[in-house]
Amino acid sequence: MHPYWSIRVTDNKIKLSLVERDGRTRAAISHMLVAADCQVEPFETLDELFTYDRDAIPVLIHDVEDTIADLKDRMIDVGVWMPVIAFADEFDPQRVLKAGRCGALDYLTLPFDIAHVVERIASARTDESRGAKPRRREA
């Protein structure tokens, strides 16, 4: 197992955390991920995520304000590196670039294809099993 992160699979389900402030959007995305055979831990804020879950599982996070940079800083503080897939309401090349510099594996725009999210996480899992190291970038 790679020391930085590990994709957890429980009963053949990929486990991931979802960070989304809006309750309706969080519920809709959670339901789609569950329908795609994922185990989802939904959180409203980064505070909740780091209060209840410090495991190195993938995070699907809504990029608002400085959430991606804040997530990176918190991961560094606790010594856990989680694969990150960011999403936003609208495409903004500057935010995509900033998220990439903070280590995001992918950046999506709502509405997005849940199958792509699952595929991207599975791809990260395959990379891990081959011994590939996740990219760690400093902003």
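Predicted model: local features only at pLDDT ≥ 70, side-chain atom pairs only at ≥ 80, totals over all residues.
Local features require pLDDT of at least 70 and side-chain atom pairs count only at pLDDT 80 or more, whereas totals for chains, interfaces and linings use all residues. Residues are numbered from 1 along each chain as its sequence is written, and side-chain values use heavy atoms, with hydrogens and water left out.

Helices (H or I, at least four residues) and strands (E, at least two) are DSSP runs numbered from the N terminus. Helix α1 comprises 13 residues (23-35), which at 1.5 Å a residue should span 18 Å; the end C-alpha atoms are 18 Å apart, in agreement. The expected span is 1.5 Å times one less than the number of residues. Arg 26, Ile 29, Ser 30 and Leu 33 are the buried residues of α1 (under 20% relative accessible area; exposed, over 50%; partly exposed, in between; 1.4 Å probe, protein chains only). Because these residues cover an arc of only 105° around the axis, they lie on the same side of α1; the arc is that of the directions from the helix axis to the C-beta atoms. Arg 24, His 31 and Ala 35, on the other side of α1, are exposed. Just after α1, Asp 37 has a positive phi of about 70°.

Strand β4 (residues 59-62) directs Val 59 and Ile 61 one way and Leu 60 and His 62 the other, and all are buried. Pairing requires at least two DSSP bridges between two strands. Strand β2 (residues 13-19) pairs with β4 in the parallel sense over three bridges, and Val 19 has Ile 61 in β4 as its bridge partner. β4 also pairs in the parallel sense with strand β5 (residues 84-88), over four bridges, with Leu 60 opposite Ile 85 in β5. From β4 the chain crosses through helix α3 (residues 67-78) to β5 in a right-handed β-α-β crossover, right-handed meaning that, with the strands pointing away from the viewer, the path from the first strand over the helix to the second runs clockwise.
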